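Here's a quick tour of a protein model and some of the charged pairs in it. Have a look at the picture first, then read on.

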Amino acid sequence: MKRDIGVLALLLATTFGCSSEAGDGSSGSELILATPSHGVQIHTRGLTIPAGSDEEWCEVVELPGSPDQELLIGAIEIAMTPFSHHLIVSVAPEGSASLADARVGERRACQGAHVYGPDLLTLAAAASPRFSSQFPPGVGQKLRGGQKLVFDYHYLNTSDSSVVAQHKLNLHFIDAIDRQARVFGFYNQYLDIAPRSSPAFADECRFKNDVSIWSVLRHTHRRGTDFDVWWAGGERDGQHLWKSTNWEQDITFTFDEPVRVKAGEGFRWRCAFDNPSDEHVIFGPEATDEMCILFGQFAAVAEDSAVGPQSCYRFSPSE
């Protein structure tokens with residue numbers, strides 16, 4: 001097994017050449033990401049984040065091409081400008097009307113892409129300035145030309161000057177996929193961190209179906225210290241999988257090969273925090289709040305249609 005340090009492996013213009021004009025007087029050339037040799041590159045218009053601001057925005061971007069063009073994605077790359085707290089790229093599932101009326105290029109303050117509909121699916125997510133994810137053989141994402149994406153980007157500008165929030169997304173094409181790459185999230189939302197304390201919170205969630213997993217990811221904010229993951233259920237029950245001690249740099253664990261996890265098996269995860277301030281901190285979407293989430297990338301082991309969503313939301317300690 002191995003760890004990818006500083007790379008968010010969760011979750012992900014040559015042929016068509018699609019790019020939005022950069023907003024607020026900034027140039028798209030300020031953010032460098034080489035275009036793929038066989039794929040497309042798109043980017044946000046972006047906007048200016050004032051000094052000291054904590055802001056989250058959703059922006060609608062459109063893939064190039066027409067709906068009759070099927071785009072099979074085997075790898076994803078993301079680049080972001082400094083002071084990004086996270087980027088989540090979402091897409092509406094086939095047949096959904098969630099983004100039908102969304103205007104390409106529109107930007108709105110948000111706390112998640114669900115403002116455009118509850119059924120949006122995560123295409124890619126990143127919490128560091130550079131992201132790269134290659135799916136296992138036979139696994140990928142299926143998109144279509146002209147499809148709309150939502151870029152949900154959160155910036156915490158701790159500098160003394162304004163910064164430009166911009167993002168580039170590379171989608172690398174492959175010839176065929178057998179199974180859809182998907183993302184799960186195990187959420188511990190009952191955090192209660194008292195002033196000048198160093199507590200830890202642990203819980204576990206299990207999968208509803210047999211799945212194939214190739215990476216897991218920690219997500220806390222700046223007060224997060226140690227993050228531990230154990231197997232839960234099955235023959236590996238209680239085995240320690242991974243320990244991370246850095247919330248910004250050591251955030252992803254990648255298996256050497258995809259691992260099959262049976263229904264009823266899952267993970268136990270524990271988040272430790274250090275709060276030296278006089279502020280009471282709870283779970284929340286602001287960068288000044290905290291989170292305790294285990295994300296991961298998975299695919300069905302057989303037919304996609306037999307496997308539903310695998311995310312788990314904990315609002316109180318498990319029995």
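## Overall build

The protein has zero helices and 25 strands. Both come from DSSP runs numbered from the N terminus, with helices being H or I runs of at least four residues and strands being E runs of at least two. This is a predicted model, where local features need pLDDT of at least 70, side-chain atom pairs count only at pLDDT 80 or more, and totals for chains, interfaces and linings use all residues. Residues are numbered from 1 along each chain as its sequence is written, and side-chain values use heavy atoms, leaving out hydrogens and water.

Of the 319 residues, 52% count as buried (under 20% relative accessible area; exposed is over 50%, partly exposed in between, with a 1.4 Å probe and protein chains only).

Side chains of opposite charge can pair when their charged atoms come close. The whole structure holds ten salt bridges, each a side-chain nitrogen of Lys or Arg within 4 Å of a carboxyl oxygen of Asp or Glu.

E204 pairs with R206, with their closest N and O atoms 2.8 Å apart. E204 also forms a salt bridge with R268, at 4.0 Å. E204 sits in strand 17 and R268 in strand 22, so this pair ties together parts 64 residues apart in sequence. R268 is partly exposed, at 33%.

## Another link, and a network

R260 and D210 form a salt bridge at 3.0 Å. R260 is in strand 21 and D210 in the loop between strand 17 and strand 18, so the pair joins parts 50 residues apart in sequence. R260 is exposed at 52%, while D210 is partly exposed at 25%. Elsewhere, salt bridges with shared partners join E70, K142 and R144 into one network.
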